[in-house]
Amino acid sequence: MNDLREDEKTISRRKFLIRMMKAGASITAAGALAAFLHDKKAPSGYAGGEVVQIPDFSLEKDARSLAIVSGENRKLTLEKAIDALGGIGRFIKKGDRVLIKVNAAFATPPVLCATTHPDLVREMIALCLKAGASEARVTDNPINDPASCFLLTGIREATESSGGKLILPKSEYFKHTTLINGNLIRDWPVLYAPFDGVTKLIGMAPLKDHHRSGASMTMKNWYGLLGGRRNIFHQDIHNIIKELAMMVKPTLAILDGTNAMMTNGPTGGSLSDLKATNMLIAGTDSVAIDAFGSALLERRLSDLPFIQKAADMGVGTADYESLKPVRITIN
Amino acid sequence: MMHNTGYKGLKIVTVRRISQIFFLLIFLWFCAVSTFGIEFWQLRNWPVNLFLNLDPLVALGTILATRTLYRGLLWALVTVILTMIFGRFFCGWACPFGTMHQFFGWLGNRKRKAADVMARNRYRKGQNIKYFILIVFLLMAFVPLNGSVSLQSGLLDPIPFAYRSVNIGLLPVADNIFHFASVTPRQYEHAWLIGGIFLFLLLMNLVIPRFYCRFICPLGALLGILGRFSIWRIGKTKPSCSNCKLCEKACEGACEPSDKIRISECVLCFNCLHVCPDDVLRYGTSESKAGEITNPDITRRGILASFLTGVLAVPMIRIAGKIGTNWHYRAIRPPGALPEEEFLRRCVKCGQCMRICPTNIIVPGGIEGGVENLLTPVLNFRSGTSGCQINCAACGFICPTGAIRPITISEKMGLNEYAEKGPIRLGAAFVDRSRCLPWAMKRPCIVCQENCPVTPKAIYVKEFYETVREGNYEMKEIRGTALHVEGTRMKPGKYATGDYFSLIRDQRYRITENSEDTITLEKAPEDMVDITLSERMEIQIRLQAPVVDVERCIGCGTCEHECPVSGLRAIRVSAENETRNRERSLFLRKR
């Protein structure tokens with residue numbers, strides 16, 4: 001006992017004061033930190049975050065135009081269609097940065113026509129770059145593995161060989177958006193990063209059967225910009241297509257009806273699902289384009305409520321003849 | 001042959017270090033490049049299975065279990081022959097796992113006193129455990145006590161172990177930051193287990209250097225036995241020396257070079273040659289003057305115990321009946337996987353198929369499918385980017401042992417010469433009607449049908465109309481297409497989705513809009529003149545509900561992956577009806 005007391009006595013005043021100061025400072029720091037971080041209320045759960053808006057890329061708000069070109073060769077039909085609409089110069093100006101939204105949903109070869117045909121991608125990029133575009137980006141958020149999809153559909157090769165830039169949908173590229181006047185697209189992730197700096201938007205879609213919505217055409221193509229568990233929108237498919245058409249306003253929309261997928265869509269998988277309808281439709285009115293496409297698919301407009309819904313919201317007109325479409329046949 | 005005095009050139013240990021670093025780097029490179037794509041660094045004929053092919057334990061295990069030596073495993077002969085000539089060079093010079101251990105051991109020893117390092121590097125009786133592990137694994141693969149054998153050496157074989165740890169435990173961390181393998185995050189069930197054991201074993205080197213190599217490694221044991229009669233070996237040129245034990249301080253194998261060297265423990269690190277102040281250690285053909293211990297330090301009792309374990313283990317494991325009638329329906333194997341019994345004779349759990357799978361659905365299995373299922377490839381359609389893509393067969397091409405055999409797309413899809421056999425089925429999809437949106441909740445959906453990649457689709461729809469809850473209304477007034485009703489107040493717009501109809505006198509009219517009490521119809525009801533007010537009408541929803549045509553279903557799991565019921569999916573694949581096990585088929589086969 002005595003020894004211990006001796007030990008205790010050996011601490012100097014100076015050391016004791018230093019120790020007191022350190023202890024005091026530590027206690028003060030701990031107390032201050034606790035007071036600073038103290039949360040009296042319970043966490044409120046998800047309160048929503050910052051939302052972005054996809055810009056309007058459309059050229060003509062009122063005078064919309066449409067070109068319908070018959071032919072088997074996609075490169076030629078696309079060329080003619082753009083010519084008929086007034087030439088690429090009408091849409092793409094020098095220095096434009098163009099985003100091309102393709103349909104690359106499935107990892108299937110181009111011959112099955114479940115995805116945007118690479119010939120069209122190649123030609124579209126070439127036209128844009130020729131018109132002086134500084135950049136042509138291609139993107140989609142496919143259903144199957146993205147890398148496999150772009151590879152097997154030939155879109156990657158078509159993009160890179162023609163001087164375009166492929167953007168794969170990395171998870172950090174998605175930002176939340178809310179459609180003003182929308183009911184369904186509320187605080188929902190969209191593939192937003194590819195739009196960065198973009199001045200023109202082109203949608204390129206194949207013409208396909210789709211059991212739930214009736215048909216997959218240019219307006220349904222924007223579904224591929226959605227992220228998250230987007231399949232939930234199938235519960236209200238016609239309204240989500242309408243809202244997508246309201247949200248995404250392209251400079252130009254192209255529907256490839258060269259080989260329409262009549263059955264087993266939208267995946268297809270067999271040549272017997274296809275019909276050589278030999279038609280390419282291009283224009284600035286997605287509703288008119290889709291209305292024409294549904295005729296090619298042998299669907300009644302009344303079975304595709306999304307077309308009338310989009311028309312009612314002022315996206316375009318289902319009466320495509322009223323646009324006086326330019327019709328060209330290539331032999 | 002080589003010693004420390006008079007020789008001024010490149011030291012042998014420097015050459016050994018270069019070799020180790022080289023093999024470790026190409027090993028890591030091969031793991032990293034095992035991804036699907038067309039970049040030069042992606043799987044373009046890189047010999048990514050090199051180390052698995054050079055591993056004699058993979059070769060011997062599969063030979064014992066299948067009586068065949070599959071494809072590239074023939075390369076193991078190179079290792080065997082070189083080991084018989086030079087000793088365990090593979091452990092000290094090539095094994096990437098050994099290099100990792102050696103590096104961590106060096107880290108741990110850096111600041112230790114010489115006596116401490118010597119103590120840690122001394123030979124321990126426990127180093128014989130690895131021989132018993134080897135015996136157990138080989139007997140499990142070889143002795144068909146009740147007709148069944150099982151290849152389990154991959155659990156501890158360092159090469160599959162290293163591949164698995166890097167593929168599943170390590171690389172996905174990098175992938176998920178840099179999107180190396182895919183743009184979406186890679187997910188693997190049990191990655192924590194694989195990565196955790198890997199890190200634990202690396203950290204054990206801080207206690208005893210090369211802990212794994214000395215005590216556990218069954219490949220080291222096999223090479224130790226093969227190297228017993230090696231032509232070249234380390235030994236002393238004089239029976240006695242100053243006994244400074246500096247050689248043992250530097251020794252990687254804990255093989256006691258200062259005394260009677262234990263040939264089967266020596267990993268040919270050559271450290272001893274350079275540290276010996278008496279210059280009595282040589283690597284050459286002559287026998288050590290201090291004597292040698294060529295045999296592993298194993299006891300008869302130990303052999304007996306491991307013999308009993310090895311012979312009894314498989315029959316004991318099989319009591320659970322996991323490859324019999326109690327098979328686990330969620331253990332869905334990749335396309336081309338052999339029948340379960342044969343599969344378990346080959347799979348070394350290296351994780352190569354899991355790494356290469358572009359959709360990231362092949363994951364390490366757990367013990368729910370039996371202890372033999374642990375870390376073997378099973379499909380998880382909840383993670384990953386899609387189901388099993390119909391035109392992909394990457395897993396069978398990378399599999400080093402043929403547990404998943406290489407198949408062509410034609411065979412997988414049942415095309416051309418395989419048309420009569422039909423496609424390879426991984427299982428069958430079943431709709432859970434108590435969870436499915438159209439079936440259970442009267443909501444349109446059919447995402448599964450849309451995504452079914454089979455042609456014609458294996459999922460078709462049953463179409464029907466169903467009156468909605470509180471959907472019975474009294475009609476008050478019809479004006480054009482506007483129908484004023486009385487009944488439960490409607491939520492405005494609720495029936496305006498295009499899927500709802502008004503049933504008036506057995507005629508359906510699509511609803512385009514609704515307010516609280518007025519419904520707008522697509523077209524005005526015909527002969528509405530005689531419709532009496534206060535007559536009733538019903539609001540119906542048109543539903544398409546999914547039905548699986550099991551005869552067409554290939555079990556690819558795309559439907560399960562896409563199902564919007566995100567918890568327990570409303571459509572799920574189980575392995576019934578898989579092609580590889582005939583006894584699991586659902587239908588009676590007629591010719």
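Start by selecting helix H8 of chain B: twelve of its 14 residues are buried, so H8(B) is largely enclosed by the rest of the structure. The model on screen is a predicted one.

**Stop 1: helix H8(B).** The selection to type is residues 129–142 of chain B. From the first C-alpha to the last, H8(B) reaches 20 Å, close to the 20 Å expected at 1.5 Å a residue. Now colour its buried residues, which run from Lys130(B), Tyr131(B), Phe132(B), Ile133(B), Leu134(B) and Ile135(B) to Val136(B), Phe137(B), Leu138(B), Leu139(B), Met140(B) and Ala141(B).

**Stop 2: the neighbours.** Which helices do the buried residues of H8(B) pack against? Show H3 (56–66), H11 (211–216), H12 (218–226) and H15 (300–317), which belong to chain B.

**Stop 3: H3(B) and H12(B).** Keep these two helices on display. Two packed helices are described by the angle between their axes and the distance between those axes. Here the angle is about 90° and the axes are 9 Å apart. That makes H3(B) roughly perpendicular to H12(B). To see the contact, select Pro56(B), Leu57(B) and Leu60(B) on H3(B), then Pro218(B), Leu219(B) and Leu222(B) on H12(B). This contact has six nonpolar residues, with no polar and no charged ones.

**Stop 4: where the chains meet.** Bring chain A into view. The contact takes 34 residues from chain A and 38 residues from chain B. On the chain B side, select helix H21 (residues 447–451), which gives the largest share, four residues. Colouring that side of chain B by class shows 17 nonpolar, 16 polar and five charged residues.

Terms used. Residues are numbered from 1 along each chain as its sequence is written. Chains are lettered from A and ligands numbered from 1 in the order in which they are written. This is a predicted model: local features need pLDDT of at least 70, side-chain atom pairs count only at pLDDT 80 or more; totals for chains, interfaces and linings use all residues. Two residues are in contact if their C-beta atoms, placed from the backbone, lie within 7 Å. Helices (H or I, at least four residues) and strands (E, at least two) are DSSP runs, numbered from the N terminus. Ala, Val, Leu, Ile, Met, Phe, Trp, Tyr, Cys and Pro count as nonpolar, Asp, Glu, Lys and Arg as charged, and the others, Gly among them, as polar. The expected span of a helix is 1.5 Å times one less than its number of residues. A residue is buried if 20 or more other C-beta atoms lie within 10 Å of its own, exposed if 12 or fewer, and partly exposed in between; C-beta atoms are placed from the backbone. Axes are lines fitted to C-alpha atoms, for helices over the stretch in contact, and angles run from 0 to 180 degrees between N-to-C directions. Angles under 35 degrees count as roughly parallel, over 145 as roughly antiparallel, 65 to 115 as roughly perpendicular and the rest as oblique.
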